[in-house]
Amino acid sequence: MHGVNLDLLRCTPHHPDGRPKDPHAHHRIALAEGLHQSRLRSWRSLLGRFADLFQRRAPEPQPCLDHTP
């Protein structure tokens with residue numbers, strides 16, 4: 001009996017002959033990244049619209065009437 005942890009043998013991304021265990025993994029990663037960027041753009045757009053709304057509602061500063069020239 002060899003003292004080899006069998007879980008470590010299963011954690012490599014390739015089969016012993018060199019083939020990838022998941023040949024489509026890079027496609028899934030690219031798709032997930034595209035979806036992430038899309039969600040990020042939509043959130044930034046929404047937050048930008050809220051920021052514009054609050055900036056437009058801010059009252060104009062009133063001139064100070066206490067000072068006489």
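The protein contains 2 helices and 0 strands, where helices (H or I, at least four residues) and strands (E, at least two) are DSSP runs numbered from the N terminus. The structure is a predicted model, in which local features need pLDDT of at least 70, side-chain atom pairs count only at pLDDT 80 or more, and totals for chains, interfaces and linings use all residues. Residues are numbered from 1 along each chain as its sequence is written, and side-chain values use heavy atoms, with hydrogens and water left out.

Of the 69 residues in the protein, 0% are buried; buried means under 20% relative accessible area, exposed over 50%, and partly exposed in between (1.4 Å probe, protein chains only). The protein exposes about 7100 Å², of which carbon and sulfur atoms supply 62%. Accessible areas come from the Shrake-Rupley method with a 1.4 Å probe, and for residues only the protein chains shown count as cover.

Side chains of opposite charge can pair when their charged atoms come close. A search of the whole structure finds 2 salt bridges, each defined as a side-chain nitrogen of Lys or Arg within 4 Å of a carboxyl oxygen of Asp or Glu. One links Asp-17 and Arg-19, with the closest N and O atoms 2.8 Å apart. Asp-17 is exposed at 54% relative accessible area, and Arg-19 is partly exposed at 48%. Another links Asp-22 and Arg-28, with the closest N and O atoms 2.1 Å apart. Here Asp-22 is partly exposed at 34%, as is Arg-28 at 47%.

Trp-43, Leu-47, Phe-50 and Phe-54 make a nonpolar surface patch of about 500 Å². Patches are made of residues with over 30% relative accessible area and no salt bridge; like charges are joined within 9 Å, and nonpolar side chains (Val, Leu, Ile, Met, Phe, Trp, Tyr) within 5 Å. Trp-43 lies in helix H2 (residues 25-57) and is exposed, with a relative accessible area of 54%.
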